[in-house]
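Here is a short report on one protein chain. Look through the sequence and the 3D view first, then read on.

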Amino acid sequence: MTGWTVYEIAPGSHRYAVEAELFYAGVQAAEWVRPLMARPYGTLVCENVVLLGQCEDADHRELLSWPHWALKNLYAPVGVMFGKFAQGAVETARSGRSIPPPPFSFLPVRAGVRPLDPKFLTETPDLATALAVSVDDGRDVFEHIPCEWKAVREWASSLPRPQRH
């Protein structure tokens, strides 16, 4: 129940073009996951958008940043979770244990698990609340914002960023 979409950066691509295409791939993944969430074992459905190649004016962490943030905010109210993993990033779990670095960069897209996932969003209480009460009633997540990627980017930049402790 896990799928993979591979996006390879074309040589000479500009950062904004790559970010726009990653955002679009994330929307496609979320819209693929949404109808499957209601099926038996729907919480196991996951689509991963893999990023390959290099961009001259940004690293993978930077390229994933705003598409991840916008997608997370658009889809949390309908119960879809987005993650963000940059190739080689060294992270530590809440327990203090080391998390193995991912072999490639990717955005995992999956059904939210309401009793558990809001705990992952402690630095973004609005998102935690949205996910905790989420219902996928079939709504258009773009209902209140334009679909054009520059407008989505502007909207995403206005959202409250995670609170750092």
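## Ground rules

This is a predicted model, where local features need pLDDT of at least 70, side-chain atom pairs count only at pLDDT 80 or more, and totals for chains, interfaces and linings use all residues. Residues are numbered from 1 along each chain as its sequence is written, and side-chain values use heavy atoms, with hydrogens and water left out.

## The whole chain

The protein has four helices and six strands. Both are DSSP runs, numbered from the N terminus: helices are H or I with at least four residues, strands are E with at least two. Starting at the N terminus, the order is β-α-β-α-β-β-β-β-α-α.

How big is the box that the C-alpha atoms fill? Along the principal axes, it is roughly 40 × 40 × 35 Å. The radius of gyration is 15 Å, which agrees with the value near 15 Å for a compact globule of 165 residues. That radius is taken over C-alpha atoms, and the globule rule is 2.2 Å times the number of residues to the power 0.38.

Of the 165 residues, 44% are buried. Buried means under 20% relative accessible area, exposed means over 50%, and partly exposed lies in between (1.4 Å probe, protein chains only).

## A parallel pair

Strand S1 (residues 2-8) pairs with strand S2 (residues 46-52). The sense is parallel, over seven bridges. Two strands pair if DSSP finds at least two bridges between them. In this pair, Tyr7 stands opposite Leu51 of S2.

Is Arg61 buried or partly exposed? Arg61 counts as partly exposed because its relative accessibility is 46%. Arg61 lies in helix H2 (residues 60-75). Beyond neighbours within four places in sequence, Arg61 contacts Ala86, Ala89 and Glu91.

Asn73 is also in helix H2. Asn73 has 17% relative accessibility, so Asn73 counts as buried. A polar atom of the Asn73 side chain lies 2.8 Å from the backbone oxygen of Trp69. Leaving aside neighbours within four places in sequence, Asn73 contacts Leu127, Trp155 and Leu159.

Key: Contact means heavy atoms within 4.5 Å. A polar contact is a pair of N or O atoms within 3.5 Å; within protein, one must be able to donate a hydrogen and the other to accept it, and residues adjacent in sequence count only if both atoms are side-chain atoms.
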